[in-house]
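Please look over the sequence and the structure shown below before reading the notes that follow.

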There are 2 protein chains.
Amino acid sequence: MPTPRTAFPQVEEHEATGALAEAYTSMRGTLRVPWVMFAARCMARFGDYVPAAWEAARPVFGTVGLERASDEIRALAALPEPPPRVEVPDDVRAAVRALHYGNAKYLLLITAWSEGLHGRSSGGHDDGSWDTTALPGGAPADMPELTLVDPRTAGDDVLTLLDRIVDDHLHHGPASDFRVLAAWPEHLAALHHQVLAPVVRTVDYDLRARDLLHRARAIVGAFPTPAGLSPAQAGEVVDDTQRAALVAMLSMFQRFILDVTMDTTRLAQALDGPEEGLRSPYPTTSGKL
Amino acid sequence: MPTPRTAFPQVEEHEATGALAEAYTSMRGTLRVPWVMFAARCMARFGDYVPAAWEAARPVFGTVGLERASDEIRALAALPEPPPRVEVPDDVRAAVRALHYGNAKYLLLITAWSEGLHGRSSGGHDDGSWDTTALPGGAPADMPELTLVDPRTAGDDVLTLLDRIVDDHLHHGPASDFRVLAAWPEHLAALHHQVLAPVVRTVDYDLRARDLLHRARAIVGAFPTPAGLSPAQAGEVVDDTQRAALVAMLSMFQRFILDVTMDTTRLAQALDGPEEGLRSPYPTTSGKL
């Protein structure tokens with residue numbers, strides 16, 4: 001029986017239709033990632049914000065500059081003490097790499113959307129330094145498909161594990177990352193127990209979230225065009241109450257995605273090594289692009 | 001011209017009717033404070049959550065135990081370095097004291113509501129140690145009335161000042177505290193410049209917010225009865241989308257009220273001294289009760 005946390009209200013990818021489905025598809029293709037972030041799925045309940053906000057973000061998020069900025073985020077997302085090394089099957093490792101790759105981008109996206117809807121800058125001060133070269137669309141060829149466990153059909157052991165991970169983070173629901181890894185409950189349990197639980201919400205963790213936030217805000221401020229909607233722009237697609245809800249959603253998910261970015265970075269370090277785990281699994285400098 | 005931040009969507013006290021107006025009045029009377037928190041005014045846009053959640057909280061929040069717990073919060077809310085001393089007129093000092101008194105209580109209220117709607121404990125493990133003696137209702141006789149500046153009629157200088165305070169905190173709108181103190185713009189500007197701006201969002205500030213959060217959660221866990229609604233209880237008065245919005249609102253305001261609790265504690269220290277500013281301006285041990 002799913003709890004209200006494991007089944008938090010959202011529009012899942014297979015449930016989206018019309019402009020929302022198109023936005024989901026465009027988001028995945030432009031970011032070159034195999035899932036739509038939890039934040040977007042939750043915000044999709046509030047009017048037409050998500051498709052409109054994605055249209056604002058799309059130009060910047062399809063550039064080589066964004067890929068470089070994401071590399072910088074990943075390199076900054078590690079805690080002072082590296083995690084223990086953990087062995088997992090290749091499909092678990094591939095899933096972690098894909099999530100690790102995507103979270104840095106979603107952190108920049110949520111930051112831009114949050115800054116914009118808070119009435120602050122989400123970019124637009126173009127000094128020519130941003131690399132606006134277009135990235136090819138679509139996920140890299142060797143990136144796995146990801147499937148999120150459905151809480152409505154998951155077993156009690158999986159739901160209990162997801163609930164524990166949610167509570168350890170003081171989150172409101174399970175990140176996509178944990179719903180993906182819940183396909184391998186014993187490995188997720190081991191990774192959480194050995195790699196994440198010892199550090200989540202410690203002083204080092206909270207301080208690194210703080211550093212990452214400030215860096216993400218600085219990167220967003222240097223975007224060549226605004227990637228978020230201002231309150232007035234949002235007002236064209238949502239009413240005042242929906243806008244208030246979206247501001248709160250963005251505030252909540254700003255911290256949430258900081259956390260999962262640090263989490264998947266740490267998982268990548270546990271699987272691939274403390275230095276290798278900080279690098280992009282799909283670097284723009286490789287033939288993979 | 002108010003910005004979307006200075007005029008964030010909410011139900012102001014004079015706009016409330018019916019069960020919401022009754023809840024606002026009961027909240028002020030039970031907590032013995034002269035205003036309804038910003039969080040409640042914003043959440044009042046989402047179904048009948050606020051009146052129902054207040055009914056859950058009211059028994060605990062009308063006890064001497066709650067007054068003692070608030071004393072503990074205030075004593076913990078100071079930063080390592082005390083602020084400079086600042087001189088202000090008596091009416092400004094009285095307003096700061098009333099806000100300082102109330103914020104510690106509202107921090108516990110938002111924490112209980114947030115824990116509950118996140119599906120965690122908001123109390124109910126009664127071991128007999130909570131002092132359930134009833135507090136007398138109504139604000140202490142010498143507590144001032146407070147008036148919040150209306151952004152729709154405020155001057156541009158006041159709106160600019162409120163916007164700066166919002167941005168320095170990375171908040172979504174001005175706390176009631178700053179809308180009250182905006183009646184004296186030159187004093188609010190001086191207090192912000194000298195007392196708050198140098199510390200807001202510094203490492204010390206963010207770490208103290210973290211400590212306060214953990215202490216507030218521990219206090220709430222020790223409440224004799226649950227003071228928040230569980231997701232299922234909330235589901236009786238709001239729909240799923242409203243519930244999701246409220247979870248996000250509570251996440252956002254959890255941090256927000258930690259911040260303003262530290263802010264008014266620091267303002268009280270600046271006006272009344274580093275030690276005196278940590279004590280309740282309306283202590284239960286005095287004849288004022």
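A residue is called buried when its relative accessible area is under 20%, exposed when over 50%, and partly exposed in between, using a 1.4 Å probe and protein chains only. Helices are DSSP runs of H or I with at least four residues, numbered from the N terminus. This is a predicted model, in which local features need pLDDT of at least 70 and side-chain atom pairs count only at pLDDT 80 or more, while totals for chains, interfaces and linings use all residues. Residues are numbered from 1 along each chain as its sequence is written, chains are lettered from A in the order in which they are written, and side-chain values use heavy atoms, without hydrogens and water.

**Helix 5 of chain B**
- Helix 5 of chain B is mostly covered, with 24 of its 28 residues buried.
- Spanning residues 90–117, helix 5 of chain B reaches 40 Å from its first C-alpha to its last, close to the 40 Å expected at 1.5 Å a residue (that is, 1.5 Å times one less than the number of residues).
- After helix 5 of chain B comes B:G119, which has a positive phi, near 80°.

**The two copies of helix 11**
- Helix 11 of chain A (residues 240–272) packs against helix 11 of chain B (residues 240–272) at an angle of about 55°, with the axes 8 Å apart, where axes are lines fitted to C-alpha atoms over the stretch in contact and angles run from 0 to 180 degrees between N-to-C directions.

**A:T261**
- A:T261 lies in helix 11 of chain A, and it counts as buried because its relative accessibility is 1%.
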